[in-house]
Each structure stands twice: as C-alpha cells, then as structure tokens.
Amino acid sequence: MTTENATNGSSESLLAVRGLKKHFQVGSGLFGRNKLFLKAVDGVDFQIKEGETYGLVGESGCGKTTTAKMILRLEEPTEGTFEFEGNDAETVGKSKDLTRNYKSNVQAVFQDPWASLNPRMRVGSIIAEPLEVSTVMTKTDIADKVGDLLVEVGLQKAQANLFPHEFSGGQRQRIGVARALALNPKLIVLDEPVSALDVSIRAQIMNLLEDLQDEHGLTYLLIAHHLATVRYMCDKVGVMYLGRIVEEAPTEELFDNPLHPYTRALMSAALPSHPDIEREEIILTGEVPSPLDPPRGCHFHPRCPSRFEPCEGTVPVETQPVPDHRVVCHLY
C-alpha cells in the first residue's frame, strides 16, 4: 500500500506503518563485490485504528512475522518507519520515557505456548515479571494483580504456583495472554496465537481474545495464515506476498470479493464454511520465488494465471476499484 494512504490516516490510527522494509544481508556475492540481501519485507504500508483487529495473511515466508518483529522493536527496519500514537519509531527510540511507554503499550502473544514460557519459572513469576520491571507496585499488589489476571483469562489464582509443564497447550496460551495484559497495553501483536493448538481449543482462545478486546478496548495486529481465524476475528485484512501487501480491504469485503489473483487463489485453497458451497478451484503453478532474487515487475507474475505483458517488467501501483478496497495489480 502507498505511503500517502498510510500517512493520511495516521492522525486517526493507533498504529500507522509507512514504507517498512527489512533486508537481511546473507552473503557478499562473487569476490565480495555484490552484497546479497534477503528481502523479507519490501515496502509495507497499513494502519490500524484504535479498537480494531487488523490481520496480515499470506503463505509462510511472506514477511508477516518479520513485520510483527519490527513493530515489537525486536528487529530494526532497513527503511521506512511506523507511528504509534503519533510518535514515529525514531522519535520513540531517542526518548527513554517514550520507549518505556511504547514497550508497556505494545505487547505480544506468540505462536508456540510451549516455547514462549520459561519452564524454570512459576506461572505467577512469569506474569509478574513485566510488573516488577516496569511499575512501582508492591509485592502484595503484584500478587493480587497476577491472581486477577489468571481469573480473567479463565484460570484459577492458585495456579500461579505451578510451572508451565503442568498446563495444557490451551492453558499455556491463556497464561501468555495474561502476561500480555499485565501492563494494560493498547496494542497486542498476536503472532499465530491459535495455530499450535488443537482445533477444539482454538475457538475458546479466539473467543477469549475477543471478550478481552471488548472489555479493555484493545487493538490487535493478528498474524495468521488460517483464513477462518482471520475472518472470525479481523475488521480489516492485508494480504502479503513475497514481502509486499498486494490487497487490503474490510474482512467481509475481501472474502466476498477478492480482487488480486493471489488472494483468489488463497480463498480457493481454504475449506468453505459449508460443504454445499462451490468454489472455483485455482491451482498456482511453480513455487514461491526466493526473496533473495524476487521477480522483476509484479512479484507474483511467474505464478499468476492472469498475467499479461506489463506484469513482467513494471511494478504495479495501488488502485482502489472499490471504496476502501485497495489492490496492487495491473488488472486494475
């Protein structure tokens, strides 16, 4: 999406991402003359309004998680920036107060509930850690807060004394949610929060996240590849392919009227909500190109069933064929 669109909406957005890129150097080329870069994220723009859920979807390796890591300040952008509450990342980085405020207000729930919790710490200590580091609360107040958080996510106060291995996967993810809530954040990055869970548990965690959003006025950035999860939780969706967002629209508009050939292929590959629903079967040829050497022009053109001459040499520009529905494709 274009920087202009992201900038124009930044005044009313909690988070506005503008021209974000992340290129990893992976080699020096022949005789060290030409450096090789893996273009994990190659110019991403979007904005999230306060209280809404924005989804980023796409195949594995398209840059979703790297985008999330930059927003969480776990990776530094190669180019571009993002604004949170009107302050850009560079300004936040220069101020200790703004950095502290940013870290308190932007939290994360990670994909793997087995790997994201320290197995040597009791659950109460895991949830209490951000409170101990970032607040001046007394030990008694922290213990009370931890108990309240456990109850809020559907667990019991007494379970604060247990270790992570004594919980099921769904319970561990609830603990991760409780930890993310500890500092009363405004934005939570959900990186595949239910993909590692049993199907029977996924709906419970999604319902929990929605209830907490309503209760606390939370804003979510949801990273996912499971389209049913995205359709259930998101207000707006951006579709990523090879480091770029190729289409963005409100959720129901995107699912009912996908415009980009890649989005249509994604939709055709997903299971329908009802067995009687018939869909056009779209089979993409070839493999996803390497981000070390992405195709010229439209990155998707080697696999696109609708490609024509301009696709191979000219980068498509963003258009808006339907109100509030943006697509980057030569077809439009």
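Author: The protein chain has 332 residues, for which a compact globule would have a radius of gyration near 20 Å; the chain has 21 Å, which agrees. That radius is taken over C-alpha atoms, and the globule rule is 2.2 Å times the number of residues to the power 0.38.

This is a predicted model: local features need pLDDT of at least 70, side-chain atom pairs count only at pLDDT 80 or more, and totals for chains, interfaces and linings use all residues. Residues are numbered from 1 along each chain as its sequence is written, and side-chain values use heavy atoms, with hydrogens and water left out.

Along the principal axes, the C-alpha atoms fill a box of roughly 70 × 55 × 40 Å. Buried residues make up 49% of the 332. Buried means under 20% relative accessible area (1.4 Å probe, protein chains only).

The protein chain has 11 helices and 12 strands. These are DSSP runs, numbered from the N terminus: helices are H or I with at least four residues, strands are E with at least two.

Now the sheet. It is open, and 4 strands form it in the order β2-β1-β4-β5. Their pairing is antiparallel. Two strands pair if DSSP finds at least two bridges between them. The edges belong to β2 (36-49) and β5 (87-88). Each has a single partner strand, so one side of each is left without a neighbour in the sheet.

Look at β1 next. This strand spans residues 13-27 and pairs with β2 in the antiparallel sense over 11 bridges.

Conventions:
Buried < 20%, exposed > 50% of the residue type's maximum accessible area, 1.4 Å probe, protein only.
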